[in-house]
Amino acid sequence: MAAAIEAYLEKHGVNEMVQKALNAVVKQRAANPAAALAAEFTKMAKAAKQEEGASGDTSGDTSGDKPADKPADKPADKPADKPADKPADKPADKPADKPADKPAADAPVVFFVLGGPGAGKGTQCKKIVEEFGYSHLSAGDLLRAEREAGTDQGSMIEEYIKSGKIVPVEVTIKLLLSAIEKDGGKRFLIDGFPRNTNNMSGWQLTVGTKLALAGVLCYEVSEDELEARLLKRGETSGRADDNIETIKKRFNTFKMETLPVVEYYAHQGLCTKIDGSKSVDEVWAATKDFIDSKEAELKQK
Ligand SMILES: Nc1ncnc2c1ncn2[C@@H]1O[C@H](COP(=O)(O)OP(=O)(O)OP(=O)(O)O)[C@@H](O)[C@H]1O
Ligand SMILES: Nc1ccn([C@@H]2O[C@H](COP(=O)(O)O)[C@@H](O)[C@H]2O)c(=O)n1
């Protein structure tokens, strides 16, 4: 099935695939969007398999039959997550110059780190930095720092954070790319990104294959546990979103927008899910195993 999904992706591109699946899920008003999305991907993969069988093309080379009006990297026409009154129509950055098919062997390596609010992303990233010397970039931290600048953009970011919504990618990607460039490292943990399909499109358009995505870590924790952790953290964090009203909104955003992204990567075989409800040390043991095995894979390349 993974090969069939890859074939579909080759033909239609990631944006079209994700957008089509998300549209179907939204239409269904599915109670469990992640499961519905998984079902949509499976349906698409089956259709791609049949299509491939019908055309007799088993090579996987689809370069000749891509419809001319549908480039693989065409961004979603309208990001699903755009708040109606915000100017978020298109990523502001110029698309990466004609992307190569694959990242260069010496391209810096990136891991996305996902999980619900309070799942322990930051806690585990810190440990990875200590043990493996990776560079850690938290999209949330970068946005909070930018908010402090006191500009119009700062107040816009504040609004999004307080309402638990995802800031338009053109803002976030600029912060991430400038931090990556400044850092100049070879291994990056991108914490809290991509949080929705708009984030994914922005990354694909601006980064393309300049950086190599080696894997996605996702920490799974129940909402009850997350809520308890965030309320406790809120006693000292001073964060505008560690209060029960915003926490509920963040949970909703996570379920509706981020879980589908996690499922997308899971279907690509890129996502490793870790039980984040255990103790910090137990979660770290699983995290370390993951990084060790990825480092071994990367050494063989
Ligand atoms: N395994 C764990 N068990 C119990 N508490 C934990 C665990 N991991 C992290 N915490 C605590 O839970 C809170 C949230 O952790 P952390 O800030 O690492 O999460 P996060 O996923 O980065 O959150 P956010 O997305 O909101 O920034 C912190 O107070 C942290 O000390
Ligand atoms: N890709 C992202 C990441 C974060 N945000 C906003 O920041 C808030 C806090 O993020 P944490 O990762 O620190 O939990 C989050 O709720 C969003 O409002 C974002 O917009 N895009």
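This is a predicted model: local features need pLDDT of at least 70, side-chain atom pairs count only at pLDDT 80 or more; totals for chains, interfaces and linings use all residues.

Trainee: Start with ligand 2. Which residues are closest?

Mentor: Arg144, Lys165, Val167, Gly192 and Arg195, out of 16 that surround ligand 2. To be near, a residue needs a heavy atom within 4 Å of the molecule.

Trainee: Which polar side-chain atom lies 3.3 Å from an oxygen atom of ligand 2?

Mentor: One from Arg239. An N or O atom in the side chain of Arg144 is 3.0 Å from a ligand 2 oxygen. Lys165 uses a backbone N or O atom, at 2.6 Å. A polar contact here is a pair of N or O atoms within 3.5 Å.

Trainee: How much of ligand 2 does the protein bury?

Mentor: 96% of the 450 Å² that ligand 2 exposes when taken alone. Those areas come from the Shrake-Rupley method with a 1.4 Å probe.

Trainee: And which helix gives the most to the shell around ligand 2?

Mentor: Helix 5, with four residues. Helices are DSSP runs (H or I, at least four residues), numbered from the N terminus.

Trainee: Switching to ligand 1. Which residues come nearest?

Mentor: Lys121, Thr123, Arg233, Arg250 and Lys278, of 16 around ligand 1. Backbone atoms reach ligand 1 oxygens too: Gly120 at 3.0 Å, and Gly122 at 2.9 Å.

Trainee: What share of ligand 1 is buried?

Mentor: The protein buries 75% of the 630 Å² that ligand 1 exposes alone.

Trainee: Where does ligand 1 sit?

Mentor: In the second largest pocket. The space taken by ligand 2 is that pocket as well. A molecule sits in a pocket if more than half of its atoms lie within 2 Å of its grid points. On a 1 Å grid over the protein atoms alone, a pocket is an open set of points where a 1.4 Å probe fits, with protein on both sides within 12 Å along at least five of seven lines.

How values were computed. Residues are numbered from 1 along each chain as its sequence is written. Chains are lettered from A and ligands numbered from 1 in the order in which they are written. Side-chain values use heavy atoms; hydrogens and water are left out. A polar contact is a pair of N or O atoms within 3.5 Å; within protein, one must be able to donate a hydrogen and the other to accept it, and residues adjacent in sequence count only if both atoms are side-chain atoms. On a 1 Å grid over the protein atoms alone, a cavity is a set of points where a 1.4 Å probe fits but cannot get out, and a pocket is an open set with protein on both sides within 12 Å along at least five of seven lines; lining residues have an atom within 4 Å of a point. Helices (H or I, at least four residues) and strands (E, at least two) are DSSP runs, numbered from the N terminus.
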